[in-house]
Amino acid sequence: MSALRLAARQARRLHLHAQGLAAPPRRRARPEDVVDAVRRMQLLQIDTIQVVARSPYLVLFSRLGGYPREWLDQALARGALFETWAHEACFAPIETLHLHGARDEPARHWARRRAERMLAEHPQAMHALLDHVRRHGEARSSDFERSGGAAQGWWDWKLEKQALEAWFALGALMVARRENLQRVYALRETVLARAGALPEPPVPDPAARRREVVLRSVQALGIARARWIADYFRIAPRVGPEELAPLVEAGHLLRVEVDGWPDPGYVHAAHAGALEAAAAGRLKARHTTLLSPFDPVVWDRERARALFGFDYRIECYVPEPRRRYGYFVLPILRGDALVGRLDAKAHRSEGVFEVRGLWLEEGVRASSALLKDIATAVARAAAWHGTPEVRVLRTRPSALLAPLRAAVAAVSASAAPVRRARAPAA
């Protein structure tokens, strides 16, 4: 198996297979599919921007199709998932709790370092806040009045919010649930008892924990060069071939040559069957969907460029005059290619899904089949958002505008593009 060689396209398909994006959903989503999807990715990044939908919900939609957003919140509340700092702020499966405790790596996550500074600079306020949670059981940032005027920017938090976040990063507090998207914090032991996760499993030593994180990262990626692995969980130092060699020798990882790659790819042994199918040309990719800017497929700009030839930058953090595409641009996945990008905004009160711009990648031919697939993906996303009227304002090339509008109209006029699953009672 380790002697296998893949074409670049086969490597992309293996990556999409591992991420749950190689095929469209075969059935309507069920609540347990939310947790299973997070287990498959290992991490689900959290972001608060909701020009379209908040990123974690959109990442799941790309894989599951129409599902009630509250299923993710319910999975957190019942303890199947928990919130942690990893790649960035993320949901993770509760069974991986042992990987997300106090970090002993030489360069720990910035959130942990920030929390330690907070504790050193404001020990009295920090301990007073923790005592408040012990007495009252739970706390939200909104429980505390802000002094000193309105917030000035994203990170201008009131002292109590800073303390809540610091204890969360340090592990004394966890997120018990969310109310209207706002975190509700509780003592770690309270949250874990509710989740049935006590007693906690022993925390492995740093070397064993790093080894497991490396293996889980490779499994989530499907296939990875050594230099891509550390970014997934944001561990340091960077992973090198010498660290992976014992894992290959033990049979946990398989070394694979990929056409055009200057160094080997690594595949987790759990994907041995998929690797063999990819090498034989039997592994297909036939899903068309919109991806979140914070989807794991495009987390690493270098990896997305090497795998897909897709140079992607999240421009919501770029000053408007310097944006090339738009504020919240969604990559368009079709089969095993990222064929374009779409700048969208959901106007929920009007029921309108506005496509401010759609750009095809260089070399992508605007066939009728491509237009139908993109129109269907857009219409499904719009319906799931509760904004079924799609308005396409511009495209590149501009000649694409009229046929894309016609394709969207045809899809919308046909059978309902998406059937949202009904949420059970909480």
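Predicted model: local features only at pLDDT ≥ 70, side-chain atom pairs only at ≥ 80, totals over all residues.
Trainee: Why is the pair of Trp85 and Trp110 given its particular ring geometry label?

Mentor: A pair of aromatic rings is described by the distance of the centres and the angle of the planes. Centres must lie within 6.5 Å, and planes over 60 degrees apart count as edge-to-face. The rings of Trp85 and Trp110 have centres 4.9 Å apart and planes at 65 degrees, so the pair is edge-to-face. The pair links distant parts of the chain, with Trp85 in strand 3 (residues 81-85) and Trp110 in helix 5 (residues 110-121), 25 residues apart. Trp85 is buried at 14% relative accessible area, while Trp110 is partly exposed at 29%.

Trainee: What makes Phe310 and Tyr312 a stacked or an edge-to-face pair?

Mentor: Stacked requires planes under 30 degrees apart. Phe310 and Tyr312 have 20 degrees between their planes and 5.8 Å from centre to centre, and the pair is stacked. Both Phe310 and Tyr312 are buried. The structure's count comes to 10 aromatic pairs, and ring pairs also link Phe61, Tyr67 and Trp384 into a cluster.

Trainee: How do you know that the length of helix 14 agrees with its number of residues?

Mentor: The expected span is 1.5 Å times one less than the number of residues. For the 17 residues of helix 14 (residues 368-384) that gives 24 Å, and the end C-alpha atoms are 24 Å apart, so the two agree. Among the buried residues of helix 14 are Leu370, Leu371, Ile374, Val378 and Trp384. Just after helix 14, Gly386 takes a positive phi of about 75 degrees.

Trainee: What makes helix 10 mostly covered?

Mentor: Of the eight residues in helix 10 (residues 226-233), six are buried. They are Ala226, Trp228, Ile229, Ala230, Tyr232 and Phe233. These buried residues pack against helix 1 (8-19), helix 2 (31-41), helix 9 (206-221), helix 11 (241-249), strand 9 (265-268) and helix 13 (301-308).

Trainee: Why is Arg234 partly exposed, and where is Arg234 found?

Mentor: Arg234 has a relative accessible area of 32%, so Arg234 is partly exposed. Arg234 is found in the loop between helix 10 and helix 11, and its phi is near 60 degrees, a positive value in a residue other than glycine. That loop also holds Pro237, and the peptide bond from Ala236 to Pro237 is cis, with omega near 0 degrees.

Trainee: What makes Asn180 buried or exposed?

Mentor: Exposed means over 50%. Asn180 is at 79% relative accessibility, so Asn180 counts as exposed. Asn180 sits in the loop between strand 6 (173-179) and strand 7 (182-187), with a positive phi near 50 degrees.

Trainee: Last one: why is Thr395 called buried?

Mentor: Against the cut-off of under 20%, Thr395 has a relative accessible area of 12%, so Thr395 is buried. Thr395 lies in strand 15 (residues 395-396) and touches Leu358, Leu400, Leu401 and Leu404, leaving aside residues up to four places away in sequence. The side chain of Thr395 reaches the backbone nitrogen of Leu401 at 3.0 Å. Thr395 and Leu358 are 37 residues apart in sequence, yet 4.6 Å apart in space, C-alpha to C-alpha.

Conventions:
Residues numbered from 1 in each chain as written. Heavy atoms only, no water. Buried < 20%, exposed > 50% of the residue type's maximum accessible area, 1.4 Å probe, protein only. Helix = DSSP H or I, 4+ residues; strand = E, 2+ residues; numbered from the N terminus. Contact = heavy atoms within 4.5 Å. Polar contact = N/O pair within 3.5 Å; in protein donor to acceptor, adjacent residues only side chain to side chain. Phe/Tyr/Trp six-rings, centres within 6.5 Å; stacked < 30°, edge-to-face > 60°.
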